Amino acid sequence: MCKHDSGQSLDNSHASYCAVPLPFFRPAAIPRCQTSPCSAIITMSTSEEQNLSAHLDTIFKQKKVLRSVVKRDLKSMDPPLRSQQDEAIQRIVLEAPWFRACKRLCAYISCSALREVDTTQILSHILQKPSPESDLEMRKKLYVPRVEDKNRNMRMLNISSTEDLIANSMNILEPAPIDTGGNDREDVLLADEPVDLLLLPGLAFDKAGRRLGRGGGYYDTFLTRYQERAKERNWKQPLKIALSYSVQILDEGTIPRTPNDVLVDALVSPSGLIPISPAALEICH
């Protein structure tokens, strides 16, 4: 089921950044001790950098305040309501034609302590042992996240069983880098075939595709790298679909955006799919 407002479009105009034009210098003889135009340009460039830095600092502070508000709202969610929405969101995903048709995907492993939308049923469905009668066309290749360090480096590694997962220092499940055979797990950024779908977590979203993460920058960094990889290989870009409780969907324009923030194509809420980008609108028809 697709749910969207008529006239809803993906508008990035209010998030774009325009460089301040440099002053125009007329050719003229310059005395030996006079400041040159080049030094003026450098001064202007420094000023621009300072203005941009101050602007980004303001955005980061706004995001920090917004994270506190959303975390409070998530914490106050009634447990039965949370369970009901978890069930509804996962059912929508599992029954969706775009999910059933995908062959390879990246998905997050939900963490209840972080109050993320549950993905247990989705992952179990993908990782269940196929029966002899099962259709090979329905099988999917799954990549899940592994945080490598504190510098925004996150890999998506292939797993075939929940037994491939181990708890990290924050007690969050992630794939062991080496499989049981002693081989490196396949990294999606090094794979020879593209993924069709990315199921994403987040703290908050809006209907313009903006996503508010937890501040680490891991997903935005990974998404940028994968989009560049797909472009280099001339692959179709995968659908970026975020799973969201109702309370996490904010009014458009509420979430500030920096140039490094990657937009999502659609949201899955308890009431259905909310398409945002043209690519997402296509899957509704």
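Q: Which residue is the bridge partner of phenylalanine 205 in E8?
A: Phenylalanine 205 has arginine 211 as its bridge partner in E8. Strand E7 (residues 204–206) pairs with E8 in the antiparallel sense over 2 bridges; two strands pair if DSSP finds at least two bridges between them. Strands (E, at least two residues) and helices (H or I, at least four) are DSSP runs, numbered from the N terminus.

Q: What kind of model is this?
A: This is a predicted model, in which local features need pLDDT of at least 70, side-chain atom pairs count only at pLDDT 80 or more, and totals for chains, interfaces and linings use all residues. Residues are numbered from 1 along each chain as its sequence is written, and side-chain values use heavy atoms, with hydrogens and water left out.

Q: Back to E7 and E8. What order do the strands of their sheet have?
A: The order is E8-E7-E10, an open sheet of 3 strands with mixed pairing. E8 and strand E10 (249–250) are its edge strands, each pairing on one side only.

Q: How many helices and strands are there in the protein?
A: The protein has 6 helices and 12 strands.

Q: And what order do the 7 strands of the other open sheet take?
A: The order is E3-E2-E1-E6-E9-E11-E12, and the pairing is mixed. Its edge strands, each pairing on one side only, are strand E3 (154–159) and strand E12 (272–275). From one strand to the next the twist averages 25°; angles run from 0 to 180 degrees between N-to-C directions, and axes are lines fitted to C-alpha atoms, for helices over the stretch in contact.

Q: Is E9 mostly covered or uncovered?
A: E9 is mostly covered, with 5 of its 5 residues buried. Buried means under 20% relative accessible area, exposed over 50%, and partly exposed in between (1.4 Å probe, protein chains only).

Q: Which way do the residues of E9 point?
A: Leu239, Ile241 and Leu243 point one way, while Lys240 and Ala242 point the other way. In a regular strand, side chains alternate between the two faces of the sheet.

Q: In what sense does E9 pair with E6, parallel or antiparallel?
A: E6 and E9 pair in the parallel sense over 4 bridges, and leucine 200 has alanine 242 as its bridge partner in E9. E9 and E11 also run parallel, joined by 3 bridges; here isoleucine 241 stands opposite alanine 266 in E11. Strand E11 (residues 266–269) pairs with E12 in the antiparallel sense over 4 bridges.

Q: Which strands does helix H2 touch?
A: Helix H2 (residues 79–95) packs on the sheet and touches strand E6 (197–200), strand E9 (239–243), E11 and E12. Its direction makes about 125° with that of E11. Contact means heavy atoms within 4.5 Å.

Q: Where does H5 lie?
A: Helix H5 (residues 218–232) lies across strand E1 (104–107), strand E2 (141–147), E3, E6 and E9, at about 70° to E3.

Q: At what angle do H2 and H4 pack?
A: H2 and helix H4 (residues 120–127) pack at about 35°, with their axes 8 Å apart. Glu87, Gln90, Val93 and Leu94 of H2 make the contact with Thr120, Gln121, Ile122 and His125 of H4.

Q: New topic: how much space lies in the largest pocket?
A: About 1,200 Å³. On a 1 Å grid over the protein atoms alone, a pocket is an open set of points where a 1.4 Å probe fits, with protein on both sides within 12 Å along at least five of seven lines; lining residues have an atom within 4 Å of a point. Grid points are joined across faces, edges and corners, and the volume is the space filled by probe spheres set on the points.

Q: Which residues lie nearest its centre?
A: Of the 41 lining residues, Arg214, Gly216, Gly217, Tyr218 and Tyr219 lie nearest the centre of the largest pocket. Helix H1 (37–75), E2, strand E5 (173–175), strand E8 (211–212) and H5 each give two or more residues to the lining.
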